[in-house]
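Please read the numbered points alongside the sequence and the model.

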Amino acid sequence: MNGLVKVLVVSALLVTSAFAENKAVVEAVRAHADVALTDDPASSFWTAARPAYLEKDIQGKSVPQFRTEVRTRWTKDNLYFLFICPYDELYLKPSPDTQQETNQLWNWDVAEVFISSNFDDIKRYQEFEVSPQGEWIDLNIDLHKPHHEDGWTWNSGFEKKAQVDAANHRWYAAMRIPLKAIDKRKAAAGNTLRMNLFLSEGAPANHHEVTWQPPMGNTFHIPEQFGLLKLVKEK
């Protein structure tokens, strides 16, 4: 390793360490092999996960009635998420299209993952959304641009599944995200990514925004408030 390479490696480690200081961490448990995507929380795949919880609004106020559980796992090729979302009322887009990407899906009820392996430029990350009806959108976000929502034309190839349990006022959203879409590294225990998690619930007159790490602003897009996702071995 020559001198320049050493400097670059050390610099990258310092940036990662500085960002990680005092950050909340979610642990994604490794799975030996990929499975068919399921939104059933009782499946053995999901019961082996370690949950995280969304339980505060964007300003950090507790919203226990909308406490949302999120489970995550990883394989050598994919990153999985399962959202278990309580709701008061569903606010759904009429005439849903689950075969094509739905631009501006964020105007309706959605579960959202913001994630990136880029610690050098925290204003760049990827966004994934799924609605209770199974609609979806993925975006390559660049906050340096005046219209970062233009990143919706990017396509990650992620898979999604959703269902509504009306009797128990819960809905479920599962995602399988190709790791190559968000990280150039080989998947390995110990790898970390920047991440935040969100739920939007209810019509405009009774709207609730539920977060893992409160952005403490008027938008979800405050990357300084992201936490971390860490890939870990099996239990």
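1. Serine 200 is placed in strand E10 (residues 192-201); helices (H or I, at least four residues) and strands (E, at least two) are DSSP runs, numbered from the N terminus. Serine 200 is buried, its relative accessible area being 3%. Here buried means under 20% relative accessible area, exposed over 50%, and partly exposed in between (1.4 Å probe, protein chains only). Beyond residues up to four places away in sequence, serine 200 touches Trp108, Asp109, Val110, Glu112, His207, His208, Glu209 and Phe220, a contact being heavy atoms within 4.5 Å.

2. Some conventions apply throughout. This is a predicted model, in which local features need pLDDT of at least 70 and side-chain atom pairs count only at pLDDT 80 or more, while totals for chains, interfaces and linings use all residues. Residues are numbered from 1 along each chain as its sequence is written, and side-chain values use heavy atoms, with hydrogens and water left out.

3. On confidence, pLDDT is the predictor's confidence in each residue, from 0 to 100. The protein chain has an average pLDDT of 93, and 91% of the residues score at least 70. Over residues 4-17, however, pLDDT stays under 50, and the model has five contacts beyond four places in sequence for them. Where pLDDT is low, the predicted coordinates should not be read in detail.

4. Strand E1 (residues 25-30) runs parallel to strand E12 (residues 227-232), and five bridges join them. Two strands pair if DSSP finds at least two bridges between them. Alanine 28 has leucine 231 of E12 as its bridge partner. E1 is also joined by two bridges to strand E3 (residues 68-74), again in parallel; there, arginine 30 is partnered by tryptophan 74 of E3.

5. Which residues have the most contacts inside the largest nonpolar core? They are Leu79, Phe81, Phe83 and Ile115, in a core of 35 residues. A nonpolar core is a set of buried Ala, Val, Leu, Ile, Met, Phe, Trp, Tyr and Cys residues joined through side-chain atoms within 4.5 Å. Apart from this core lies another, of eleven residues, including Ile58, Leu105, Tyr125 and Phe226. Leaving aside neighbours within four places in sequence, the contacts of leucine 79 include Ala28, Trp74, Ile115, Arg176 and Leu231.

6. Side chains of opposite charge can pair when their charged atoms come close. With a salt bridge defined as a side-chain nitrogen of Lys or Arg within 4 Å of a carboxyl oxygen of Asp or Glu, the count comes to seven. One of them links glutamate 55 to arginine 67, with the closest N and O atoms 2.8 Å apart. Both residues lie in the loop between strand E2 (52-54) and E3, so the pair ties together parts that are twelve residues apart in sequence. Glutamate 55 is partly exposed at 31%, and arginine 67 is partly exposed at 40%.

7. A salt bridge also joins glutamate 159 and arginine 176 (2.8 Å, N to O). Because glutamate 159 lies in strand E8 (residues 159-165) and arginine 176 in strand E9 (residues 170-178), this pair ties together parts 17 residues apart in sequence. Glutamate 159 is partly exposed, at 37% relative accessible area, whereas arginine 176 is buried at 12%.
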